[in-house]
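Hi,

Here is the structure I promised to pass on. Have a look at it first, then read my notes below.

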Amino acid sequence: MKVQAIPAALLAAALLAVAGCGGHDDAGESDGGDGTPTKAAQQAATGDFGDLKGLCGSGTAKSAPAQGVTADEIKVGVFSDIGFTKKSEFVDAAKVFTSWCNAAGGINGRKLVATTRDSKLMEVRRRMLEACKEDFALVGGGAALDALGVKDRLECTLPDFPGQVSQIQNNGSDLQLNATGGASFNRYAGYYEWLLKEGHPGSADAIGTIGGDVPVTKVINAESQEGLQAAGAKIIYKDLYPAQGVSDWTPYAQSIKSKGVKGLVFNGDFVSLAKLEQVLTGMNYKLDWIDANNNSYGPAFLQLAGKSLDFQNNLADLSGVYPLEKAADNPATEQIVALFKQYAPKAQVTLPAVRGFASWLLFAKSAKSCGDDLTRTCVYEAARKESAWTGGGLLAPVDLTTSDAALTCFNIEKATSKGWEPADFGPTDGAYRCDAAAYKFKGDYGKPLTLADVGKSMSDVK
């Protein structure tokens, strides 16, 4: 088979849609320095995670009620573009969770078997067809071009517990349990309200947006602009940068400066953002704030941005994921760090890894509740009953009772030369602020696919 070159536009889409490689591999320790296990490490030896008790353990399963389920094991698929991006967050999370859970006895005695479905950016549909023939469900993964496989997934009635969703057709599609907010709502509504009305109200009349010139990013940019305007912003600058990258960011920086942009939303890869900020800083032009987006959350962006960190005000909304640099203050985050040190010591704990791990927790709790009769309908309906899902304490509460619920909690991080740290955004519930008003998009950005779109219904899910 002839291997075709991947267009630069698709590369840019992957850079945006696949979360960045940033993370914190020094956020906690598995012992107290004298060989004595910490509380988190001790919990790691049991089937408890955070406030989820008895999640994994032995049992007496005897039947084989569904594809991928036997008396001894449960086969699940993990989507990843690892063959293209070389980023292993979802694969790492799957390894850590299944190793820990299986050591505790599995799900009612059934061992978890995770198969990496390496979509390599362009092979989503091929991997989905393979998953349709072998897997019980998809858990804790994601692919940049995930819309390419959603039709096949629904045709074979395969439940999806994703770590990440990217494209509109997949985001909130049927049989999907997604803890990152409904597709029709602005997940950054609370963030934008804080930026424009509390954090930096003087910036509201001079907002700019910029992103990669590819279809995926254009939709995200359009949603950002609508959400900003709904929060009271006057957008004075809109731009796109070429998919193949920019050799000189000076014209963009000059345009931002000449228009007097005070707040900038950057929808693109953090490598490009770091270059743009270096030029802006060299021109001695400081914005009130820059939304670096949570792809930049991690040490890689900090290293690239360099001196710009103490000059520009880089912010990112983690949308309700507990900050990794504060792991010692949160038992669940401390425990995931301990588990990574035990089962994948060379891997980083990243934002995508935490989301992927939280999806594994949701799947495990739901599957356990089904007992011996583990079917797709049972595991899906059990997960859909979670009205305040926190992943054992990894996340702010998320309502999963509907596929299209608005996020009410947010938490904002600030990039500094000393590392990422929580911004002063007025948390109301621990690390989070949970007073975000729901904003439903009015623009037509596409719709997620349903079972009805492929001639199916819940009665076809076995």
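**What I found**

Let's start with Asp152, which you'll find in helix α6 (residues 147-155). Helices here are DSSP runs of H or I with at least four residues, strands are runs of E with at least two, and both are numbered from the N terminus. Before going further: this is a predicted model, where local features need pLDDT of at least 70 and side-chain atom pairs count only at pLDDT 80 or more, while totals for chains, interfaces and linings use all residues. Residues are numbered from 1 along each chain as its sequence is written, and side-chain values use heavy atoms, with hydrogens and water left out.

Is Asp152 buried or exposed? It counts as buried, because its relative accessibility is 6% (buried is under 20% relative accessible area, exposed over 50%, partly exposed in between, with a 1.4 Å probe and protein chains only). If you skip neighbours within four places in sequence, Asp152 is in contact with Arg125, Met128, Leu129 and Cys132 (contact means heavy atoms within 4.5 Å).

**Two helix pairs**

Two packed helices are described by the angle between their axes and the distance between the axes. Take helix α5 (residues 124-134) and α6: their axes come within 8 Å and cross at roughly 25°. So α5 is roughly parallel to α6. The axes are lines fitted to C-alpha atoms, for helices over the stretch in contact, and angles run from 0 to 180 degrees between N-to-C directions. Angles under 35 degrees count as roughly parallel, over 145 as roughly antiparallel, 65 to 115 as roughly perpendicular and the rest as oblique.

Which residues make this contact? From α5 they are Val124, Arg125, Met128, Leu129 and Cys132, and from α6 Leu148, Gly149, Asp152 and Arg153. By class, the contact of α5 with α6 splits into five nonpolar, one polar and three charged residues (Ala, Val, Leu, Ile, Met, Phe, Trp, Tyr, Cys and Pro count as nonpolar, Asp, Glu, Lys and Arg as charged, and the others, Gly among them, as polar).

The other pair is helix α4 (residues 89-103) with helix α13 (residues 351-369), packed at an angle of about 40° with axes 8 Å apart. That angle is why α4 is oblique to α13. On the α4 side, Glu89, Phe90, Ala93, Ala94, Val96, Phe97 and Thr98 meet Pro352, Ala353, Gly356, Phe357, Trp360, Leu361 and Ala364 of α13. The contact of α4 with α13 has 11 nonpolar, two polar and one charged residues.

Ile412 sits in strand β10 (residues 412-416) and counts as buried, because its relative accessibility is 0%. Leaving out residues up to four places away in sequence, Ile412 touches Tyr191, Trp194, Leu315, Ala316, Asp317, Glu421, Pro422, Ala423 and Phe425.

Now look at the loops. Asn293, between β8 (289-291) and α11 (299-305), isn't a glycine but has a positive phi of about 60°. Asn293 counts as buried, at 12% relative accessibility. Ser319, in the loop between β9 (314-317) and α12, isn't a glycine either, and its phi is positive at about 55°. At 9% relative accessibility, Ser319 counts as buried.

Cheers
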